[in-house]
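Subject: Structure for your files

Hello,

The structure we talked about is below, with the sequence alongside. My notes on what was found in it follow.

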Amino acid sequence: MAAGKTVPLLEIEKGFRDAALRGGNILFTQFLSEMKDTATICPECGAQMKNLGGRGKNIVSLLGEGEISRNYYGCKCGHHILPKDELLDIANTSFTPGVRRVVSQLAACDSFERSSATLEDVCGIYVSGKDTERIAEAMGAAIESEKTAQIEGAFSLRGGPRPAVPPIPVMYIEYDGTGVPVMKREVFGRKGKQEDGTAKTREAKLGCIFTQTATNEKGEPVREKGSTTYFGAIETSDSFSRRLYMEAVGSGVDFATKVVVLGDGAKWIWNLAKDNFPDAVQIVDLYHAREHLWEYIKTAIADAETQATIKAEWLKLLDDGKIDELTAEMNRYVDTNSDKQDDLEREVNYFKENASRMKYAEFKKQGLFVGSGVIEAGCKNVIGKRLKQSGMHWSVRGANAIIALRCAILSGKFKLPKTASRSA
């Protein structure tokens, strides 16, 4: 090389990679072509089927594009099959399980077009943006289909025997809702928060379950590593309630010494907790409670210095769980702000209605979490990062497929459902 010149190593690397893939692809497609078929009995009538000869099929694998041969069978009843397609899990698709898995993982993290570009750059494999979308949504739909079957199974056994699991000291269950931008047809006729009363989003309900087996040297709770499971969808409260129950059963809620439901104070959260986990400890997220208290103070008191003084005093009462004392202090300002009375009374009632869920000093002594930060982060990481990117508008079906896919991946439970090949 001439002095001062830079070796174009990137291009050299890509060249060697492509050469290695081409060689590997020849061996791979030859191996698949030589693989023996396993079933020649007609699935319709049970008769022996006749081999009608080989049929070629173009496939896209992690080694690139290629063609394989497989036998085509016919029956006197008129039924035809390609058993090797079922054997290799490539029925009705040209993409191998390896490609579908990688594409789904990429598409779960970024837009379909950028996922397509990343796959081509990193692996030298081209899958169009549209095919990337089809593969990812088919994968998510298959995962969701399996979840639906599990939900039905959990409810058919409700109250019945459960498979034994190791005892769980503390199980936490958190859930919340967050808006997902959708296509106009998905919000037609729905009321929303826009100035004209229309809606631009649909609420995705997201839940998470995790466990706690210990506290640190300060007596603070520690979330068990690898224990967090996410789940959710754009669906009704009743459907989400069933999903919530199934996930809790699957996580071993029946073997938890203590179950804690953490939420932001919305009534639907406690309604679902009452229906599914009547014996659970219910805790309103401390940080949401602080926000409500601060909003009350700003509404009731105009003077900034007085606000600061009152805030310090009332936060102490809140953190100590002295809600009766706190609401007594808050009531002093209701009558003196007649023009804001309804708003102030609503905030006072928020604390009164949730008093039993705000025994923060007591909860902390028990070594329990009092903040719902896991689900707050989950709404941003599971939903927001992927489904709320600039300019995105989803169908409910597409959004739910990606939510199911991301929940599986971020919960460490992602596997390749065989049914995902049917529409990929």
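**Overall picture**

The protein exposes about 22,300 Å², of which carbon and sulfur atoms supply 52%; accessible areas come from the Shrake-Rupley method with a 1.4 Å probe, and for residues only the protein chains shown count as cover. Please keep in mind that this is a predicted model: local features need pLDDT of at least 70, side-chain atom pairs count only at pLDDT 80 or more, and totals for chains, interfaces and linings use all residues. Residues are numbered from 1 along each chain as its sequence is written, and side-chain values use heavy atoms, with hydrogens and water left out.

The C-alpha trace spans about 90 × 75 × 55 Å along its principal axes. The radius of gyration of the protein is 28 Å, whereas a compact globule of 424 residues would have one near 22 Å. That radius is taken over C-alpha atoms, and the globule rule is 2.2 Å times the number of residues to the power 0.38.

Of the 424 residues, 45% are buried. Buried means under 20% relative accessible area, exposed means over 50%, and partly exposed is in between (1.4 Å probe, protein chains only). Among contacts (heavy atoms within 4.5 Å) between residues at least 6 apart in sequence, 68% join residues at least 24 apart.

**Helices**

The secondary structure comes to 14 helices and nine strands. Both are DSSP runs numbered from the N terminus: helices are H or I with at least four residues, strands are E with at least two.

Helix α6 covers residues 237-250, and its end C-alpha atoms are 20 Å apart, which agrees with the 20 Å that its 14 residues should span at 1.5 Å a residue. The expected span is 1.5 Å times one less than the number of residues. Gly252, which follows α6, has a positive phi near 95°.

Helix α13 (residues 373-387) has 15 residues and reaches 20 Å from its first C-alpha to its last, close to the expected 21 Å. Among its buried residues are Val374, Ile375, Gly378, Cys379, Val382 and Arg386.

**Salt bridges**

A search of the whole structure finds 20 salt bridges. The criterion is a side-chain nitrogen of Lys or Arg within 4 Å of a carboxyl oxygen of Asp or Glu.

Lys14 pairs with Asp121, the closest N and O atoms being 3.5 Å apart. This pair links distant parts of the chain, 107 residues apart: Lys14 is in helix α1 (residues 9-34) and Asp121 in helix α4 (residues 112-123). Lys14 counts as partly exposed at 26% relative accessibility, and Asp121 is partly exposed at 47%.

Arg100 forms a salt bridge with Asp89, with 2.9 Å between the closest N and O atoms. Arg100 sits in helix α3 (residues 97-107) and Asp89 in the loop between α2 (83-87) and α3, 11 residues apart. Arg100 and Asp89 are buried.

Glu152 forms a salt bridge with Arg242, where the closest N and O atoms are 3.2 Å apart. Glu152 lies in helix α5 (residues 129-156) and Arg242 in helix α6, so the pair ties together parts that are 90 residues apart in sequence. Glu152 is partly exposed at 43% relative accessibility, as is Arg242 at 29%.

Finally, Lys57, Arg70 and Asp85 are linked in a network of salt bridges.

Regards
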